[in-house]
Number of protein chains: 2
Amino acid sequence: MNAEILATGDEIRSGALVDTNSAYIADKLETAGIVVRRHGCVGDDLNTLAAVLREIAARADIGVVTGGLGPTTDDVTAEAAASAAGMDLVEDEKALAMIEAFFKTRNRVMTPSNRKQARIPRGAKTLYNPVGTAPGFRLRIEDCTFYFLPGVPPEMRRMLAAEVLPDIEKTVGDGRTNCLVRNISTFGLTESVTGEKVAGVVRQFPEIKLGLRAKFPEIHVKLYLQGDDRDHVEKTLDAAAAWVNARIGKYVLSTEGKGMPHVVGNLLREKRATLAVAESCTGGRIANWITDVAGSSDYFLFSGVSYANAAKVDILGVSPQTLDACGAVSEKTAREMAVGVRRIAGATYGISTTGVAGPGGGTEEKPVGTVCVGLAMPEKAVGKRFFFPFGKRSMNKSMFAMAALEMLRRELLSL
Amino acid sequence: MNAEILATGDEIRSGALVDTNSAYIADKLETAGIVVRRHGCVGDDLNTLAAVLREIAARADIGVVTGGLGPTTDDVTAEAAASAAGMDLVEDEKALAMIEAFFKTRNRVMTPSNRKQARIPRGAKTLYNPVGTAPGFRLRIEDCTFYFLPGVPPEMRRMLAAEVLPDIEKTVGDGRTNCLVRNISTFGLTESVTGEKVAGVVRQFPEIKLGLRAKFPEIHVKLYLQGDDRDHVEKTLDAAAAWVNARIGKYVLSTEGKGMPHVVGNLLREKRATLAVAESCTGGRIANWITDVAGSSDYFLFSGVSYANAAKVDILGVSPQTLDACGAVSEKTAREMAVGVRRIAGATYGISTTGVAGPGGGTEEKPVGTVCVGLAMPEKAVGKRFFFPFGKRSMNKSMFAMAALEMLRRELLSL
């Protein structure tokens, strides 16, 4: 069983947009025991797209195609698929019912161009899209089964999980090998140091395939293994994950691949502790990350995003003397911010950030990339200074946010 | 002149790594007037790679290939290129000198596997890599000129700029066309309605190519045109952008493709006004967006992210009676949050969000997707209720944040 993945659309072809769908789909297919041979990308050109679909059909057992199912005139995927299969387009009752239901439940008016989305190649099977107007469809071209999905990542992901993977599972049946993966999320070592530390795992466990994925600012170590004996695959992966875990030590965030906000949230919940945050240079990124985790209202109380010094004094209770004497970017200000926000929110812990994210605002003494983070606990409070040489504002914000969360994580774990 | 781009490597093929190189290269080539027809990706398999190189050679004038030039045994690109060109591999003096110099200037020891990197196909021209050990090379296969570059993004970028683009420029010479784009960012209409409104632009301006990009929750309308006469291309695009602008009206955020936080920030700066934000359900997303824009400290003063009701009362000054009588998710609470945060931060404007982002917390009266947004101005304050049926927590957070920013944008523009 081998598969190919195709992304369509002029935005991706021309480089205006990075295609993240293909990697996501490849990862899911490989995990399901399907070997992905190639990915490709073409623009919104009917003839080129039809030609590429025929090429894939001649090579692969499975094709997964994203994009071009929208309501506008540059959405030509259904027409290209029909052309490649030598079929015409027909209005599909089931697809039309889905689109009508989508608009009805949302009290929105369906337009004629939305009706166009119900036209799929004759003989194709509609795939349900619970989150958008574009139904997908499954279509056989020669000996290859194609799945056509929308290009909008959340829609694609929902449909891949709910419609495509179970369908492939059914088709592949017992011919499928067990292709499992362990994901160990880490923070605090560079990618190359992490790579050197864990490289030995493939000598210890020669069947294992090792992958490192930089999910900035985290590094995820992925261990892949496929085989017919599921029990053996599971046990070998467990042993290899334990080996990696021991090598990376305190830099491991989660052996289930969870990110920092999730990990810190779980630790707070276990301790029945609550958190308040005072953010200057991170500008709300810490709060935004924490509240992306469902259920975070169990432990997250408040974040005060104080860009202005006046807000630091008036709302968070930082002393004007500290600001005068040490400046806004200082260990002492960070500590007072953490203490202040912990107090006003009535939280168990307070964390804070104050720094220079750039591009402007750097000085010789405090260049862009400088951050002070504070941690206030029931018994004491600390402030620390770090320097991260990333240069880019958005990367600095992320790194600063991670530094504060990491300080809290180590405190919660007594590391 | 048309080009294809190929990424190689099992990490990308299997989805362990997202390929950002191809989009980067496509963007640079298109900007240089070269049409990119396809991208592809294959793994580290010698025969597949050689076959794909021959396929590209048969279709394209230019091929840009990344990855597989490293020192390890799974780096097979040079061998595959030699095989596709019907040549053997030879140790290239110039390449060897580059690698030796790289190690010498860094006081590092060169290993035999690094020496392997000096072996390139006979007849190929070495491309200088100033930042890594892997030289690239240029090689003609049939009528196609291939550029082989390392897969490490900073190395690839440096070499693309220093070696590949100038070389292409020289080859293409006056045959190069001007390929320009206008990006009009919009918010408030669905993709299909936007598409219908602007579809006529290709009738009015038949040379123009139209693309719609959903950058949730914004919709970007892109107009592409290429031609030999730069002045004509510019003028036609300007006229087409004006046409689109008139059709979309108040839903246009920016004719330069700027996103909502940037647009609102510029409006605040123009008016010398400042902003404070009170966020419940958006959990810091508004502040995070606003502070992603460099220079936002000119107008952004404070955001209070108050998940807990106590924080709404104690810090933002919402009245407990309002919370009791109307609940946290109510127009009145939203208004009081906006008024409170405006007051404590001393800002010109205050905006607020309180709603149910999900997945939990919904009721029959206030289902997941309900949000109340508040806007406090010098003279008055308002609260409004919206319902967005997206289902997903992260999408709801974004939509809620946009609703609040849009309310402010319309106020600032008196729309």
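How many residues of chain B are in contact with chain A, and how many of chain A with chain B? The count is 67 residues of chain B against 70 of chain A, where contact asks for C-beta atoms, placed from the backbone, within 7 Å. On the side of chain B that touches chain A, 31 residues are nonpolar, 22 polar and 14 charged. Here Ala, Val, Leu, Ile, Met, Phe, Trp, Tyr, Cys and Pro count as nonpolar, Asp, Glu, Lys and Arg as charged, and the others, Gly among them, as polar.

A quick word on the model: it is predicted, with local features needing pLDDT of at least 70 and side-chain atom pairs pLDDT 80 or more, while totals for chains, interfaces and linings use all residues. Residues are numbered from 1 along each chain as its sequence is written, with chains lettered from A and ligands numbered from 1 in the order in which they are written.

Now for two strand pairings (at least two DSSP bridges between the strands). Strands (E, at least two residues) and helices (H or I, at least four) are DSSP runs numbered from the N terminus.

| Strand | Partner | Sense | Bridges |
|---|---|---|---|
| E10(A), residues 209-215 | E11(A), residues 218-227 | antiparallel | seven |
| E14(A), residues 300-306 | E14(B), residues 300-306 | antiparallel | five |

E10(A) and E11(A) make a hairpin with two residues between them, and Arg213(A) sits opposite His220(A).

Conventions. Two residues are in contact if their C-beta atoms, placed from the backbone, lie within 7 Å.
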